[in-house]
Amino acid sequence: NYPLRNLLLDFLRGRTDSRTARRAIESLRENYPPCMFYALMNMTGTHDVPRAMTLLGGGPEPAGLSRAEQARVVLTDEQRQEGMRLMRAFSLLLFALPGLPSIYYGDEAGMEGMADPFNRAGFPWQNVNLDLITWFASLGRLRGETAALRGGDLEIMTPSPRSMVVIRR
């Protein structure tokens, strides 16, 4: 479900507003049979795209950057903090929306990286973000314990251009 990933990243990075994001989600729902909409692979990332942490932290888009320039992209401490904050919001939306949340290895640990092959580093066993790992684990437990998150009805409210409320019943 690359379309969902991209629209959530755009929303969280301020490139689109909540109403536009809601309409895009509703369009996905209209274009898939219900059984497929609830089975879509809603991913944090894949080997085909830059790491969500890098984009959410303010890293550049890889288009137009040489491979050498992409290899040098590393978030600053400030960017990394912003990336962590937005990664929590991103993952919360992935776990709250219909579909199957799929975590690209290392995203739960805060890995960074640009386009392939820079998004394929080994798992950072010596440098994991335990708070983020705990966050992802709690989302997994919540989803496993809450039937509405696995198959319930969906309502999305947008009380302001920068806020989105996902209701599952």
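Mentor: Thr54 has a relative accessibility of 2%, so it counts as buried. The model is a predicted one. Thr54 sits in helix H4, which covers residues 52-56. Its side chain has a polar partner. A polar atom of the Thr54 side chain lies 2.7 Å from the backbone nitrogen of Gly113. Setting aside neighbours within four places in sequence, Thr54 is in contact with Gly59, Val73, Leu75, Glu112, Gly113 and Met114.

Now move to Met87. What is the relative accessibility of Met87? The value is 0%, so Met87 counts as buried. Met87 belongs to helix H6. Beyond its neighbours within four places in sequence, Met87 is in contact with Ala52, Met53, Leu56, Asp107, Leu132 and Phe136. Helix H4 spans residues 52-56, and Ala52, Met53 and Leu56 are among the contacts of Met87. Met87 and Met157 are 70 residues apart in sequence, and their C-alpha atoms are 21 Å apart in space.

Helix H6 itself deserves a check. It runs over residues 77-96, 20 residues in total. At 1.5 Å a residue the helix should span 28 Å, and its end C-alpha atoms are 29 Å apart, so the two values agree. Which residues of H6 are buried? They are Gly83, Met84, Leu86, Met87, Phe90, Ser91, Leu93, Leu94, Phe95 and Ala96. An α-helix has 3.6 residues a turn, so residues three or four places apart point the same way.

Next comes Glu108. Glu108 is in the loop between strand S2 (100-102) and helix H7 (130-145). Glu108 is buried, yet it has no salt bridge. How far away is the nearest side chain of opposite charge? That side chain is Arg51, at 6.3 Å. A salt bridge needs a side-chain nitrogen of Lys or Arg within 4 Å of a carboxyl oxygen of Asp or Glu, so a cut-off settles the matter. Not counting residues up to four places away in sequence, Glu108 touches Ile103, Phe123, Asn129, Leu132, Ile133 and Phe136. Leu132 and Phe136 are also among the contacts of Met87.

The loop between S2 and H7 holds another feature. Pro117 lies in this loop. The peptide bond from Asp116 to Pro117 is cis, with omega near 15°. For context, most peptide bonds are trans.

Now the charged pairs. How many salt bridges does a search of the whole structure find? The search finds 9. One of them joins Arg13 to Asp10, with the closest N and O atoms 3.3 Å apart. Asp10 has a relative accessible area of 27%, so it is partly exposed. Glu61 and Arg15 meet in another salt bridge, at 3.0 Å from N to O. This pair links distant parts of the chain, 46 residues apart. Glu61 is in the loop between H4 and helix H5 (67-71), while Arg15 is in the loop between helix H1 (2-12) and helix H2 (18-31). Glu61 is partly exposed, with a relative accessible area of 33%.

Arg29 and Glu26 form a salt bridge, with the closest N and O atoms 2.9 Å apart. Both lie in helix H2, 3 residues apart, about one turn of the helix. Arg29 is partly exposed at 27% relative accessible area, and Glu26 is partly exposed at 22%. As for shared partners, salt bridges join Asp10, Arg13, Arg15 and Glu61 into one network.

The protein has 8 helices and 4 strands. From the N terminus the order is α-α-α-β-α-α-α-β-α-α-β-β. The radius of gyration is 16 Å, close to the 15 Å that the globule rule gives for 169 residues, so the protein is as compact as a globular protein of that length. The C-alpha trace spans about 45 × 30 × 30 Å along its principal axes. Buried residues make up 42% of the 169 residues. Among contacts with a separation of 6 or more, 71% are between residues 24 or more positions apart.

Note on methods. Residues are numbered from 1 along each chain as its sequence is written. This is a predicted model: local features need pLDDT of at least 70, side-chain atom pairs count only at pLDDT 80 or more; totals for chains, interfaces and linings use all residues. Side-chain values use heavy atoms; hydrogens and water are left out. Helices (H or I, at least four residues) and strands (E, at least two) are DSSP runs, numbered from the N terminus. Buried means under 20% relative accessible area, exposed over 50%, partly exposed in between (1.4 Å probe, protein chains only). Lys and Arg count as positive and Asp and Glu as negative; His and the chain ends are not counted. Contact means heavy atoms within 4.5 Å. The expected span of a helix is 1.5 Å times one less than its number of residues. The radius of gyration is taken over C-alpha atoms; the globule rule is 2.2 Å times the number of residues to the power 0.38. A polar contact is a pair of N or O atoms within 3.5 Å; within protein, one must be able to donate a hydrogen and the other to accept it, and residues adjacent in sequence count only if both atoms are side-chain atoms.
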